[in-house]
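Subject: Structure handover

Hello,

Here is the structure you were waiting for. Please look it over alongside the notes that follow.

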Amino acid sequence: MPNNLFRVAVVGAGETGTPLLRKLLAASFVELLGVADLDPEAPGMRLAHHRGVKTTTNFHELAQLGEQLDVLIDVTGVPAVRDALRKAMQETGNHHTVIVHEMVVQLMLSLLNGELVRLKHDTRDY
């Protein structure tokens, strides 16, 4: 049965996450449950906060949303974050939430824009 509403959270709210967040916030079929970034002043964090979306500097809080979360999008580009998210899902027995890798985001944004979109990441570790 197709979803009528996708419950989504995003890890990474900088130059890569912010354009994605704009598209998610504009979609009537998306409920944005939270955004995480180490920098509380990152553009996407400010955007989410302004729109009344939960923001956090601890991405583990988003993983703890459990099965109320359909899609968890990681656009940090940091392998340790992706590994920690997978581990959190396994430890909680969450077989519902799908973790989306930044490569899938790059493909989707490129398709939407009609040209290859380059993702931008800083060198900060989580």
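Which residue in β2 is the bridge partner of Phe6? It is Val30.

Before the rest, some ground rules. This is a predicted model, in which local features need pLDDT of at least 70 and side-chain atom pairs count only at pLDDT 80 or more, while totals for chains, interfaces and linings use all residues. Residues are numbered from 1 along each chain as its sequence is written, and side-chain values use heavy atoms, with hydrogens and water left out. Helices (H or I, at least four residues) and strands (E, at least two) are DSSP runs, numbered from the N terminus.

The sheet

Five strands make up an open sheet, ordered β3-β2-β1-β4-β5, with parallel pairing. Two strands count as paired if DSSP finds at least two bridges between them. β3 and β5 (98-100) are the edge strands, each pairing on one side only. Six bridges join β1 (residues 6-11) to β2 in the parallel sense. Helix α1 packs on this sheet and touches β1, β2 and β4 (71-74); contact here means heavy atoms within 4.5 Å. The direction of α1 makes about 150° with that of β2 (axes are lines fitted to C-alpha atoms, for helices over the stretch in contact, and angles run from 0 to 180 degrees between N-to-C directions).

Helix α2

Within α2 (residues 43-50), the buried residues are Gly44, Met45 and Ala48. They lie on the same side of α2, because they cover an arc of only 100° around the axis; the arc is that of the directions from the helix axis to the C-beta atoms. Buried means under 20% relative accessible area, with a 1.4 Å probe and protein chains only. The cover over these residues includes α1 (17-26), β2 (30-36) and β3 (55-56). After α2 comes Gly52, which has a positive phi, near 80°.

Thr18 is in helix α1 and is buried, at 5% relative accessibility. Its contacts, leaving aside neighbours within four places in sequence, are Ala13, Pro43, Gly44 and Leu47. Gly44 is also one of the buried residues of α2.

Arg82 sits in helix α4 (residues 79-92). Is Arg82 buried or exposed? Arg82 is buried, with a relative accessible area of 14%. Not counting residues up to four places away in sequence, Arg82 touches Asp74, His101 and Glu102. Between Arg82 and Phe29 there are 25 Å in space, C-alpha to C-alpha, and the two are 53 residues apart in sequence.

Regards

Notes
Buried means under 20% relative accessible area, exposed over 50%, partly exposed in between (1.4 Å probe, protein chains only).
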